[in-house]
Amino acid sequence: APGDEQPLVSVVIRSANRPELTDALDSIALQTYPAIEVVVADVEGQSRLKPGPLCGPFPTKLASTGQHLGRGTAANVGLSAASGMYAIFLDDDDWFLPDHICTLVSALQEHQGCSAAYAGVECQQRDEGGHWRLLHVFNSPHDPIRLLIQNYLPIHAVLFERKLFGRNLRFDESLHVYEDW
């Protein structure tokens, strides 16, 4: 029905075409949230990255400058190509649990005036037997003082209003690490 449409969420993946990209895309395809677009930022810039037109039911687009991109530049290129009301990053070697985006959008809709939300994230590693082992859980309450000295928010934990991104608020393209902090 009109007015029932959910706001579009842009999932930005910075990718150098690693084999793990397939798992990241599969995790997006399984999202329970119905309004997603996938923006794949081509880090290599060599036209080897060719995502399909769809990621499950969600449209996919490629963002490329034709040149190799640093981490901050790739993030800016991906966000510039995004059109969603909200945006979230997913590195090409990570994945979302199926309700991740739905949970974050619901949190923002329930807390009018908030521009970002984050959820807990588990770091897991497959052992030699093929079983998953939990390494660490990032799930701390917001602490602005702690955030000054430690980045406890993995990039794929945070959903934010895309309107925050602009001329005055962008990723620092000179940073080779911690650009997401």
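Is Arg18 buried, partly exposed or exposed? At 37% relative accessibility, Arg18 is partly exposed, where buried means under 20% relative accessible area, exposed over 50%, and partly exposed in between (1.4 Å probe, protein chains only). The model is predicted, so local features need pLDDT of at least 70 and side-chain atom pairs pLDDT 80 or more, while totals for chains, interfaces and linings use all residues. Residues are numbered from 1 along each chain as its sequence is written, and side-chain values use heavy atoms, without hydrogens and water.

Seven salt bridges are present in the structure (a side-chain nitrogen of Lys or Arg within 4 Å of a carboxyl oxygen of Asp or Glu). One of them joins Asp93 to Arg18, with the closest N and O atoms 3.4 Å apart. Asp93 sits in the loop between strand S5 (86-89) and helix H3 (100-110), and Arg18 in the loop between strand S1 (9-15) and helix H1 (21-29), so the pair ties together parts that are 75 residues apart in sequence. Helices (H or I, at least four residues) and strands (E, at least two) are DSSP runs, numbered from the N terminus. Asp93 is partly exposed, at 34%.

Lys61 and Glu37 form another salt bridge, again with closest N and O atoms 3.4 Å apart. This pair links strand S4 (residues 58-63), which holds Lys61, to strand S2 (residues 36-42), which holds Glu37, 24 residues apart. Lys61 is partly exposed at 31%, whereas Glu37 is buried at 8%.

Arg14, Arg71, Asp91 and Glu179 are linked in a salt-bridge network.
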